[in-house]
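Here is a short briefing on helix packing and a pocket. Have a look at the fold first, then read on.

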Amino acid sequence: MVIDRDESVGVGALVRPYAVTRGRTRPRVDIAMEALVETTARGRSGGFLAGQEQQTIAGMCGVGLQSMAEIAARMQMPLGVARVLVADMAADGLLAVHEPAALTDGDDVVGTELLERVLSGLRRL
């Protein structure tokens with residue numbers, strides 16, 4: 001069976017998100033996948049939001065903190081594209097990005113407290 005190009009799923013979905021970022025694949029500032037994002041008062045006013053993606057992100061982060069990974073997943077777009085959008089919005093004062101605390105604890109590469117919290121969360125699943 002031959003699939004017509006118009007009937008195939010996801011053909012446009014791979015191109016469109018990068019068109020939203022004008023082809024940029026790297027954000028202005030590096031944002032950790034687990035960084036928490038919230039909409040600022042300026043972002044909630046809505047007058048400064050340029051596109052539908054920005055409006056969706058501002059709405060998502062306006063009701064509570066969202067991680068960078070959650071934003072990408074809910075927007076159904078690659079993490080890199082979501083990072084570019086969030087970084088641009090943060091630079092414009094529409095979002096506040098809360099980076100996680102440093103993961104180093106003395107000589108440990110990753111703090112044992114963080115690992116214990118992750119293990120506890122996995123057990124609750």
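Helices are DSSP runs of H or I with at least four residues, numbered from the N terminus. This is a predicted model, in which local features need pLDDT of at least 70, side-chain atom pairs count only at pLDDT 80 or more, and totals for chains, interfaces and linings use all residues. Residues are numbered from 1 along each chain as its sequence is written, and side-chain values use heavy atoms, without hydrogens and water.

**Helix α3 with helix α4**
- α3 (residues 52–62) packs against α4 (residues 68–75) at about 130°, with axes 11 Å apart; axes are lines fitted to C-alpha atoms over the stretch in contact, and angles run from 0 to 180 degrees between N-to-C directions.
- The contact (heavy atoms within 4.5 Å) joins Glu53, Thr56, Ile57, Met60 and Cys61 of α3 to Ile71, Arg74 and Met75 of α4.

**Helix α4 with helix α5**
- α4 and α5 pack at about 110°, their axes 9 Å apart.
- The two helices, α4 and α5, are therefore roughly perpendicular, a term for angles of 65 to 115 degrees.
- Met68, Ala69, Ile71 and Ala72 of α4 meet Leu79, Ala82, Arg83 and Val86 of α5.

**The largest pocket**
- The largest pocket holds about 250 Å³ of space; a pocket is an open set of points on a 1 Å grid, for a 1.4 Å probe, with protein on both sides within 12 Å along at least five of seven lines, and lining residues have an atom within 4 Å of a point.
- Its lining includes Arg22, Phe48, Glu53 and Asp88.
- α3 and α5 (79–91) each supply at least two lining residues.

Terms used: Grid points are joined across faces, edges and corners, and a volume is the space filled by probe spheres set on the points. Angles under 35 degrees count as roughly parallel, over 145 as roughly antiparallel, 65 to 115 as roughly perpendicular and the rest as oblique.
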